[in-house]
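Here is a short briefing for a reader new to this structure. Please look at the sequence and the model before reading on.

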Amino acid sequence: MHLFKDCRYKLDTFDLQLFAGEKTEDATPKRKEEAKQKGQVAKSTDMSAVFVMMAAFYTLKLLGSGVYTELADCMTGIFSGLTTTDFTINSVHILFLKLALVFLNTSLPILLVILVVSIAVNYMQVGFIFSTNVLMPDFNKINPLSGFQRLFSKRSLVELGKAIFKVSIIGYFIYRFAVIQTSDIPKLISMELIDSLKLAGSLTIDLAFQIISVMMVLAAFDYFYQWWEHNQSLKMSKQEIKEEFKQTEGNPQIKGKIKEKQRAIAMRRMMQEIPKADVVVTNPTHLAIALKYDKNMSAPVVVAKGQDFLAERIKQIAKENKVAVVENKPLARALYPVVEIGNVIPPELYQAVAEVLAYVYRLKKRLS
């Protein structure tokens, strides 16, 4: 029987040690903010790529005729002048300047759209982040052992599976599109050059938009996967949460000592205010409330209060400093729970406190 109990105790101890560091808790806001500052965010590169492709092809579709016309005019001008133009250094410079201007006019609008869309998509995914940590050199990345571990890690295998799946899906849609358009492709041979280019461009853009539509769905799934994986990687153990709480809120023992010192300081300050009081209202043994009033106050103020041992101490100090001590059980019980030290008494107790103060003033006048 004892042997069974010892074995069960060892098994329980083993289980506790095994799961003590298990990361089962969601990341705290502080952990998420630290990861964000390090550049560790949930981001899908597929989402950025698909929106950039969509913006580029859509812009090309809108500006395609203008781009073709400008390029055709440029090439026509160049080839028509080959027989009449002398090739000198200046003429070659002028030719290259013309080609550069044509390149800028045709490509700059598309490049600007790609830039704006790329920034917008990244901002929508992760917001604005300015972090220099990602620029710092990490020598662990050039370690062959670490590289080998990353190569066969769970993340690498998942990325490989995703890549194979994407290539398979996109390849299927390209094959399906080619089968459907089989009858149109031979027409390109018998067409004029301009017509064949228009048809080829139209087919290419149609195929591109079909692929983009498929990639859009895959990118959505990839984004949610990246978001889930990011949250999983930031999960914390109960011990890590406790350590973080200690760092942010302070050590409970130190905080307890600070509170103890603050209470001691407040107690000394309260005891110093008792000699300035006009009266101490008692229960008579369990409660004591010291009240002070002068003409500059809107109502009497509680300068000290306590119960049991502290009540006896308040009464002792009051007697040593010749402060009147009045026994009034109903008033003491009414004042103690509702009025904090330094606050005025509530209006509903004005009458009762006024009667006590009037009695004290009459007593002092009689004694004087």
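Which are the buried residues of H13? They are Val353, Val356, Leu357 and Val360, where buried means under 20% relative accessible area, exposed over 50%, and partly exposed in between (1.4 Å probe, protein chains only). This is a predicted model, in which local features need pLDDT of at least 70 and side-chain atom pairs count only at pLDDT 80 or more, while totals for chains, interfaces and linings use all residues. Residues are numbered from 1 along each chain as its sequence is written, and side-chain values use heavy atoms, with hydrogens and water left out.

**The chain as a whole**

- The chain has 13 helices and 4 strands; helices (H or I, at least four residues) and strands (E, at least two) are DSSP runs, numbered from the N terminus.
- Of the 368 residues in the chain, 26% are buried.
- The accessible surface is about 26100 Å², and 65% of that surface belongs to carbon and sulfur atoms; areas come from the Shrake-Rupley method with a 1.4 Å probe, and for residues only the protein chains shown count as cover.
- Among contacts (heavy atoms within 4.5 Å) with a separation of 6 or more, 77% are between residues 24 or more positions apart.

**Helix H13**

- Helix H13 (residues 350-367) has 18 residues and reaches 25 Å from its first C-alpha to its last, close to the 26 Å expected at 1.5 Å a residue; the expected span is 1.5 Å times one less than the number of residues.
- Seen down the axis of H13, the buried residues fall within an arc of 95 degrees, so they line one face of the helix; the arc is that of the directions from the helix axis to the C-beta atoms.
- These buried residues pack against strands E1 (279-282), E2 (287-292) and E4 (324-327) and against helix H12 (329-338).
- Gln351, Lys365 and Arg366 are exposed on the other side of H13.

**Helix H11**

- The buried residues in H11 include Leu310, Ala311, Ile314, Lys315, Ile317 and Ala318.
- They cover an arc of only 165 degrees around the axis, which puts them on the same side of H11.
- Phe309, Lys319 and Glu320 are exposed on the face turned away from the buried side of H11.
- Lys322, which follows H11, has a positive phi, near 60 degrees.

**Salt bridges**

- The structure holds 4 salt bridges, each a side-chain nitrogen of Lys or Arg within 4 Å of a carboxyl oxygen of Asp or Glu.
- One of them joins the side chains of Asp46 and Lys166 (2.7 Å, N to O).
- This pair links distant parts of the chain, 120 residues apart: Asp46 in helix H3 (residues 45-80) and Lys166 in helix H6 (residues 154-180).
- Another salt bridge joins Lys162 and Asp222 (2.3 Å, N to O).
- Lys162 lies in helix H6 and Asp222 in helix H8, so the pair ties together parts that are 60 residues apart in sequence.
- Lys162 is buried at 18% relative accessibility, and Asp222 is buried at 6%.
- Within H11, Glu312 and Lys315 are 3 residues apart, about one turn of the helix, and their closest N and O atoms are 3.2 Å apart in a salt bridge.

**A buried loop residue**

- Ser237 is found in the loop between helix H8 (193-233) and helix H9 (238-249), and is buried, with a relative accessible area of 4%.
- The C-alpha atoms of Ser237 and Thr24 are separated by 5.8 Å, although the two residues are 213 residues apart along the chain.
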